[in-house]
Amino acid sequence: MGRKLEVWLYNVHVGSLRQTDGRLAFSYSQEWLDSADAYPLSQSLPLQGKTFNDRESRPFFAGLLPEGDKRKKIARALQASEENDFALLDGIGGECAGAVSLLEPGQLPPPADRSHQVRWLNDSELSALLEELPRRPMLAGEEGLRLSLAGAQDKLPVFVQKDKVGLPLSNTPSSHILKPEVGLLQGTVFNEGFCMHLAAGLKIDAAKAAIKQVDGKMYLLVQRYDRRLSGDGRLQRLHQEDFCQALAIAPEYKYQNEGGPDLAGCFKLLRAATRPSAPHVLRFFDYVVFNTLIGNQDAHAKNFSLLYPRGGPVLAPTYDVLSTAVYPELTNKMAMQIGGKYRFRDIYLRHWNRFAESTGLSPAQAKKRVLEIAKKLPVHAHELKEDFQMRGLDHPVLGEIIQIIQDRCEQTIRRITGRPG
């Protein structure tokens, strides 16, 4: 016998997700198809009356869920199979990335004019939560909470008001993403906080992040770019999807060497989805160069997204940005190739040219922009480290990041121009 979840976009019912014999199927509601305001959930799920089968629908819906070890732990907490996307969405799919909520038949999202329901946390409760997250991702199974975010890193949607942190209840939209330190990797909160601020300092559109502490435990608060304040000051969802969802790639294939998207495919998506596309293409080019030069080797297609404001799709701010190259236990292989090369040490001018051509940019235009970023980045990194020190946010990992940036920028300038950096 099949099971069903109703799919809501904002507070509007747009379709149904069914599971039959372990396979997913999604169909839009006729009311949504007939609406003058209708638009697709995903670039990969165009508006149509035909039902999307498991192969067609799974990339978007599985893409709403955590991955890897986090997914396994959530499945155990929910007493579900880790392969069962539907059961996991049923358990935690109330507050997802973007504006999608999955509810059981007969359930309704809270009215737009209803007050947000939040369980506020005191310092000891927040400290306990930071310890609990690695053991029970998304606090799966806790009564009143149905929270989901994609990715393999520990994180949790939270509601932040001034200096208070709370858990959003009953499908209340969250305002921030809370990230604790990552396992055995030292200083990840400082690493990501520094890199996000560094991007913003270079005028690269990045999600806003703040380093916080409670009971000696560090954590990062990242303001959600897929949320906005309404005219009456209420928090509202804004729809989004990552590039894997938009390209119909299941999350387990997010890396290029596993059959996931390459950079040429990502640029092609931007050109097809956005209007006008040129500003978004140039912004995305900056994202790629920045990630390459800071040593973010985990910049796969799920770490880039399309955002859906009223005017149509746009490239979302960059997020999940940190220098993975400072951790020798992590791979030195990039998630997507630059000009046919996975490793930074192998990238020369001809590879930057090949990359530019694959994205539809001229090699001369690309070369100029790469050099601009490579010359500015070390200066901004040193200035930002001094600012972090003045604010009591210093950590040894920052010096290691700056050394990587210095080395990579100098090498890039030398290889592109033939002159020392």
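**Rings, cavities and contacts**

Tutor: There are 19 aromatic pairs in the structure, which is a predicted model.

Student: What makes phenylalanine 26 and phenylalanine 61 an aromatic pair, and why is the pair called tilted?

Tutor: Their ring centres are 5.3 Å apart, and rings pair if their centres lie within 6.5 Å. The planes stand at 50° to each other. Planes under 30 degrees apart would count as stacked and over 60 as edge-to-face, so the pair is tilted.

Student: How do you know that the pair links distant parts of the chain?

Tutor: Phenylalanine 26 is in strand β3 (residues 23-28), phenylalanine 61 is in helix α2 (residues 54-62), and 35 residues separate them.

Student: Why is phenylalanine 26 called buried?

Tutor: The relative accessible area of phenylalanine 26 is 0%, and buried means under 20%. Phenylalanine 61 also counts as buried, because its relative accessibility is 0%.

Student: Which residues do ring pairs link into a cluster?

Tutor: The cluster consists of Phe243, Phe267, Phe284, Phe285, Tyr287, Phe304, Trp352 and Phe355.

Student: How many cavities does a search of the whole structure find?

Tutor: With a threshold of 30 Å³ or more, the search finds 2 cavities.

Student: What lines the largest cavity?

Tutor: Its lining has 13 residues, with Val288, Asn291, Thr292, Ala299 and Met336 nearest the centre. Helix α9 gives the largest share, 3 residues. By class, the lining has 8 nonpolar, 4 polar and 1 charged residues.

Student: Which residues line the second largest cavity?

Tutor: Gln153, Lys179, Pro180, Thr188, Val189, Glu192 and Leu220 do. At least two lining residues come from each of β8 (176-180) and α6 (188-201), and α6 has the largest share, 3 residues. The classes are 3 nonpolar, 2 polar and 2 charged.

Student: What is glutamate 192 in contact with, leaving aside its neighbours within four places in sequence?

Tutor: Its contacts are Gln153, Lys179, Leu220, Asp320, Val321 and Leu322. Of these, Gln153, Lys179 and Leu220 are also in the lining of the second largest cavity.

Student: Why is leucine 349 called partly exposed?

Tutor: Its relative accessible area is 25%. Buried requires under 20% and exposed requires over 50%, so leucine 349 falls in between and is partly exposed.

Student: Where is leucine 349, and which residues is it in contact with?

Tutor: Leucine 349 is in helix α10 (residues 349-359). Setting aside neighbours within four places in sequence, its contacts are Lys367, Arg415 and Ile416. The C-alpha atoms of leucine 349 and glycine 339 are 9.4 Å apart, with the two residues 10 residues apart along the chain.

Student: How do helix α9 and helix α12 cross?

Tutor: The axes of α9 (residues 278-294) and α12 (residues 396-417) come within 7 Å, crossing at roughly 115°. Thr292, Leu293 and Ile294 in α9 meet Ile404, Ile405, Arg408, Cys409 and Thr412 in α12. The contact comprises 5 nonpolar, 2 polar and 1 charged residues.

Student: What lines the second largest pocket?

Tutor: It has 19 lining residues, and Tyr10, Trp32, Asp37, Tyr39 and Arg310 lie nearest its centre. The lining divides into 11 nonpolar, 5 polar and 3 charged. The space in this pocket is about 500 Å³.

Note on methods: Residues are numbered from 1 along each chain as its sequence is written. This is a predicted model: local features need pLDDT of at least 70, side-chain atom pairs count only at pLDDT 80 or more; totals for chains, interfaces and linings use all residues. Side-chain values use heavy atoms; hydrogens and water are left out. Axes are lines fitted to C-alpha atoms, for helices over the stretch in contact, and angles run from 0 to 180 degrees between N-to-C directions. Helices (H or I, at least four residues) and strands (E, at least two) are DSSP runs, numbered from the N terminus. Contact means heavy atoms within 4.5 Å. Ala, Val, Leu, Ile, Met, Phe, Trp, Tyr, Cys and Pro count as nonpolar, Asp, Glu, Lys and Arg as charged, and the others, Gly among them, as polar. On a 1 Å grid over the protein atoms alone, a cavity is a set of points where a 1.4 Å probe fits but cannot get out, and a pocket is an open set with protein on both sides within 12 Å along at least five of seven lines; lining residues have an atom within 4 Å of a point. Grid points are joined across faces, edges and corners, and a volume is the space filled by probe spheres set on the points. Buried means under 20% relative accessible area, exposed over 50%, partly exposed in between (1.4 Å probe, protein chains only). Rings of Phe, Tyr and Trp (its six-membered ring) pair if their centres lie within 6.5 Å; planes under 30 degrees apart count as stacked, over 60 as edge-to-face and the rest as tilted.
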